[in-house]
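Biologist: Could you take me through the charged pairs in this one, and then the surroundings of the ligand?
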Amino acid sequence: MDAGRKPRVGIIGTGAIGGFYGVMLARAGFDVHFLLRSEFSTVVEQGLQVNSAQYGALSLKPVQAYASAEEMPLCDWLLVGAKTTSNLQLAPAIIQAAAPDAKVLLLQNGLDVEDGLRAVLPESLHLLGGLCFICVHRAGPGQIEHQALGAVNLGYHSGPASADPVLSQAIVEEGAALFREAGLDSKVMGNLQQARWQKLVWNVPYNGLSVLLKASTTPLMADPDSRELIQNLMQEVLLGAAACGHVIPDAYAQQLFKSTEHMPDYWPSMYHDFLHQRPLELAAIYVAPLAAARAAGCELPKIQALYQALSFIDRHHA
Ligand SMILES: NC(=O)C1=CN([C@@H]2O[C@H](COP(=O)(O)OP(=O)(O)OC[C@H]3O[C@@H](n4cnc5c(N)ncnc54)[C@H](OP(=O)(O)O)[C@@H]3O)[C@@H](O)[C@H]2O)C=CC1
Ligand SMILES: CC(C)(CO)C(=O)C(=O)O
C-alpha cells in the first residue's frame, strides 16, 4: 500500500454488520467495496440506507457493489460481515479480493471462528477477529436499522505477524484506527480468545433464548424465570471461560445483565436467522465453547440443554 493512501476496504457479506460498518467507513472517506448476494441489484439501484437512532438517516449512493469477488479491486482490509455459517463458502471470495499482505477481519460472534478459515487462507494474509457491540439488523434489501451502540474490539488471530507481538499489535491498532476515524469506539484486545469468551457471556443466553422463547430482550428481562435462566447461563459461560484459562470477573456478567435492561428492545441476530429460515450460528456460539470447556474438564449442562433445544429447532425450522 502507498504511504499516505487510505487503506482500501472490502466488505465480504453486506448485511446488517457489513452494511453498517461499510457505510460508516465510506462516509469517513475510505474507499469501500461491497460484496453482496441476494441484495445486489437493489443496492446498485437504490444504494445502502442506514436508519440510525444515533446518527439519523444515512445514505450511501452510489455503492461500489459487486456480485462477484472477481470484479472487486484488491483490498488492504477485508471485513467479513457474513454469518459464521458462511465462512468456508466465502473463503475463495476472501482470497480473490485480498491484496498480497491484506488483513482479514472477521466481524463475527462466537469462539474459534477464525480456525476453519485459517486452514484455507494463504499464509501471507493476516487474520483478525472483531467483536461488535451493536444492535443492528436488516429491515429490507439495502435497509439497515441501527438501534444502539457500535463499538468494535479487535484482536490478532494469526498470520505473518504471529511471532512478532510488536507487528501484530501495530496491525490491530491500524484496524482500530479505521473504526475510530469513522467515529466509532474501538479497542485493541491483547487476547482474542479472552475477548471472544467475554462476548459469549451475552450471546450464549440472549441469542439462544430469543429463538427458544420467541422473546426479545425487554420481555426476557421482565420475567423472573428468564432473568434467572439468563444469569445461570452467564455463570456457566464464566465457568467454561475460567476452565480454558480466561478468567472473567463476575462483575462483568452483572454489568452486561444490567446494561441489557437499559438497551432498547432488541431481537438478537440469531432470532432474525430463525425468522428468515437461515442456519443458526450454533457451531460458533454453542458447540465451540461447549467443546473447549469439555476438553478442559468442565461440563456446562444448562448451555448443553439450550444447545440441544436449538439444534432441534435448527433442523426443523427450514
Ligand atoms: N446484527 C447484530 O447486531 C450483531 C451481529 N453480530 C455478528 O455479526 C455477524 C454478521 O451478522 P449480521 O450482520 O447480523 O448478519 P446478516 O444476516 O444481516 O448479514 C450477513 C450477510 O452476509 C451475506 N452473505 C452470506 N453468504 C454470502 C455469500 N456467499 N456471498 C455474498 N454474501 C453473502 C448475506 O447475504 P444474503 O442476503 O444473500 O444472505 C448477508 O448480506 C454474525 O456473526 C453475528 O453473530 C455481532 C454483534 C451484533
Ligand atoms: C450484545 C449486543 C446486543 C450488544 O453488545 C451484541 O453485540 C450482539 O447482539 O451480539
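Biologist: How many salt bridges does the structure hold?
Modeller: The structure holds 10 salt bridges, a salt bridge being a side-chain nitrogen of Lys or Arg within 4 Å of a carboxyl oxygen of Asp or Glu. This is a predicted model, in which local features need pLDDT of at least 70 and side-chain atom pairs count only at pLDDT 80 or more, while totals for chains, interfaces and linings use all residues. Residues are numbered from 1 along each chain as its sequence is written, chains are lettered from A and ligands numbered from 1 in the order in which they are written, and side-chain values use heavy atoms, with hydrogens and water left out.
Biologist: Which residue does Lys83 form a salt bridge with?
Modeller: Its partner is Asp273, with 2.9 Å between the closest N and O atoms. The pair links distant parts of the chain, 190 residues apart, as Lys83 sits in the loop between β6 (75–80) and α3 (87–97), and Asp273 in helix α10 (residues 269–275); helices (H or I, at least four residues) and strands (E, at least two) are DSSP runs, numbered from the N terminus.
Biologist: And is Asp273 buried or exposed?
Modeller: Asp273 counts as buried because its relative accessibility is 1%, whereas Lys83, at 24%, counts as partly exposed. Buried means under 20% relative accessible area, exposed over 50%, and partly exposed in between (1.4 Å probe, protein chains only).
Biologist: Which element gives the largest share of the shell around ligand 1?
Modeller: That is β8, with five residues. Of the 27 residues around ligand 1, Ile17, Ser38, Val136, Arg138 and Glu281 come nearest, where a residue is near if one of its heavy atoms lies within 4 Å.
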